[in-house]
Amino acid sequence: MKACVQWARKDGFYPVFIRVNHKRSTLYIKTDKMVTKRELSKSKDIMDPVVMKFCTTLILDYMDKLNRVDIRDWSCRMIVDYLQKGDEDISFSEYARKHIDRLIDNGQVRNARNYELALKHMERYFGTTKVKFSQLTSTNMSNWIKTMEKTNRAKEMYPVCIRQVFRAAIAELNDYDVGMIRIKTNPWIKVKIPQADRPEKRAISAEDCRRFFAAPLPESKMKSPLPELGRDVAMMVLCLGGINTVDLYSLKKEDYHGGIIHYRRAKTMRSRADGAYFEMRVPEIIQPLFKKYASDENDEWLFNFHSRLSNSDSFSANVNIGIKKICESMGMDRADWYCAYTFRHTWGTIAQNDCRATISEVAFGMNHSAGHRVTRGYIKLDFSPAWELNERVIDFIFFSDKASKQAATDEDESNVFRISPKMLIKAAAFFQGKCLASFENIGCSNIDEVIKHLVDELPLEIPNRCIVQFKIVNCNNGKVAVYERQKGKGF
């Protein structure tokens with residue numbers, strides 16, 4: 001190492017550098033000192049005693065640092081980096097934000113949100129947005145985790161996120177092969193992360209389901225009130241094998257063809273070898289909802305949710321608000337109010353308890369890996385068993401008021417349902433799962449005539465704004481169609 005100058009600035013001053021030669025490579029470390037031409041020899045050696053004293057002391061300090069580590073395998077660049085940053089206290093906050101940006105660039109937006117929440121919570125604990133790695137001691141981390149002991153999930157999720165960022169930093173910034181260790185501590189060896197509280201079972205009974213979907217919608221002056229959105233999305237979740245709201249929001253037109261939706265579950269698509277791919281046949285009972293929320297012809301998205309809500313989180317929040325408003329109007333206690341996830345849990349519970357499906361069948365129908373990861377990699381999956389189980393769950397909830405199993409009806413996959421006066425039609429109207437009107441006859445020319453015939457037989461006690469399901473069977477070809485009408489609006 002040697003103190004030197006390289007060039008003169010426009011004002012005539014020469015910046016002073018420490019020249020580092022190592023393994024036939026040369027790099028320069030800039031200092032804050034300056035000299036003029038009068039303080040340089042003809043060969044441009046520095047003659048200023050004050051500057052030389054400073055540079056000599058700095059070189060001795062550099063050599064002392066290098067003598068304390070093994071630099072035999074280091075390059076010249078690694079030596080300069082070590083001398084300039086080796087003892088620098090690196091900002092954990094800054095690195096964590098870079099890590100979060102990488103997650104977003106990789107398409108892991110929802111995961112990135114959890115990491116961001118964890119970082120902000122930890123920064124509030126330390127009282128600064130510039131937390132250093134040196135501050136992440138086992139004592140500080142344990143005390144931080146202790147502040148979350150009354151939370152249900154954050155006490156596990158937030159520390160796990162911070163630990164993942166810490167591990168990524170160690171892997172990136174520490175080079176153990178050549179002994180360059182910039183992060184010298186690891187608190188996670190001693191810190192114990194508590195487990196999150198296991199959530200209460202959110203599933204509700206079939207009777208509660210029937211009451212919810214038959215409940216009058218709260219009055220609203222809005223053109224598209226949230227209770228209506230909440231009820232309709234809850235119906236779609238329940239009738240599509242418990243699909244998540246984020247997956248509904250993300251469906252594109254190309255994902256729906258042949259009466260089947262094709263999607264990858266957003267929550268686990270990046271952690272499963274099969275990409276969490278699944279196919280679910282859309283049952284007749286929610287075909288009207290697919291038409292109701294269909295997006296514009298030139299829109300790439302399947303539903304028009306994107307034109308109303310900016311992202312999946314906002315969509316889920318508004319759906320849950322709508323669901324809770326219905327629960328409130330039903331006089332339910334606040335602690336018992338439902339959310340969209342209630343109907344996912346309900347699908348699985350009714351499938352197992354009431355439709356006698358096995359745990360593996362339920363897991364398959366809900367797009368869980370079900371512990372058969374290796375097997376799923378060997379075979380081309382047939383998703384029709386999930387479709388059949390889904391139909392059985394729908395029949396049990398909406399077309400039965402009994403607590404026993406009802407076999408699913410084999411329905412043609414075609415979406416076309418036509419009738420003529422010569423065809424024998426069997427139709428029934430259901431409210432809260434009870435059959436209130438039915439007939440079997442010929443002579444009907446269209447669906448509206450069938451529904452009008454059933455409406456005339458419905459009791460007047462059904463409240464306004466309540467939903468009634470109409471199930472129509474074409475006895476000539478076995479095709480089935482299901483329609484919903486709202487009293488006061490549809491009939």
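The accessible surface of the protein comes to about 27,100 Å², and carbon and sulfur atoms account for 49% of that surface. The structure is a predicted model.

**Overall shape**

The protein contains 491 residues, and 45% of them are buried. Its radius of gyration is 34 Å, whereas a compact globule of 491 residues would have a value near 23 Å. Along the principal axes, the C-alpha atoms fill a box of roughly 115 × 50 × 45 Å.

The secondary structure is made up of 17 helices and ten strands. Among the contacts in the protein with a separation of 6 or more, 59% are between residues 24 or more positions apart.

**Charges**

There are 78 positive and 62 negative side chains in the protein. The centres of these two sets lie 7 Å apart.

Most residues other than glycine have a negative phi. Arg-24 has a positive phi, near 65°. Lys-44 is not a glycine either, and its phi is positive at about 65°.

Arg-24 is found between strand E2 (14–22) and strand E3 (25–35). Lys-44 is located between E3 and helix H1 (49–67). Strand E3 therefore has a loop holding Arg-24 on one side and a loop holding Lys-44 on the other, and the exposure of the two residues can be stated as well: Arg-24 has 91% relative accessibility and Lys-44 has a relative accessible area of 41%.

Exposed means over 50% relative accessible area. Arg-24, at 91%, therefore counts as exposed.

**Asp-299**

Asp-299 is another loop residue, placed between helix H10 (287–292) and helix H11 (305–308). Its relative accessible area is 23%, so Asp-299 is partly exposed. Buried would require a value under 20%.

Asp-299 can also be set against Asp-81. The two are 218 residues apart in sequence. In space, their C-alpha atoms are 52 Å apart.

**Loop residues and their exposure**

| Residue | Relative accessible area | Class |
|---|---|---|
| Arg-24 | 91% | exposed |
| Asp-299 | 23% | partly exposed |

Methods: Residues are numbered from 1 along each chain as its sequence is written. This is a predicted model: local features need pLDDT of at least 70, side-chain atom pairs count only at pLDDT 80 or more; totals for chains, interfaces and linings use all residues. Side-chain values use heavy atoms; hydrogens and water are left out. Helices (H or I, at least four residues) and strands (E, at least two) are DSSP runs, numbered from the N terminus. Buried means under 20% relative accessible area, exposed over 50%, partly exposed in between (1.4 Å probe, protein chains only). The radius of gyration is taken over C-alpha atoms; the globule rule is 2.2 Å times the number of residues to the power 0.38. Contact means heavy atoms within 4.5 Å. Accessible areas come from the Shrake-Rupley method with a 1.4 Å probe; for residues, only the protein chains shown count as cover. Lys and Arg count as positive and Asp and Glu as negative; His and the chain ends are not counted. The place of a charge is taken as NZ of Lys, CZ of Arg, CG of Asp or CD of Glu.
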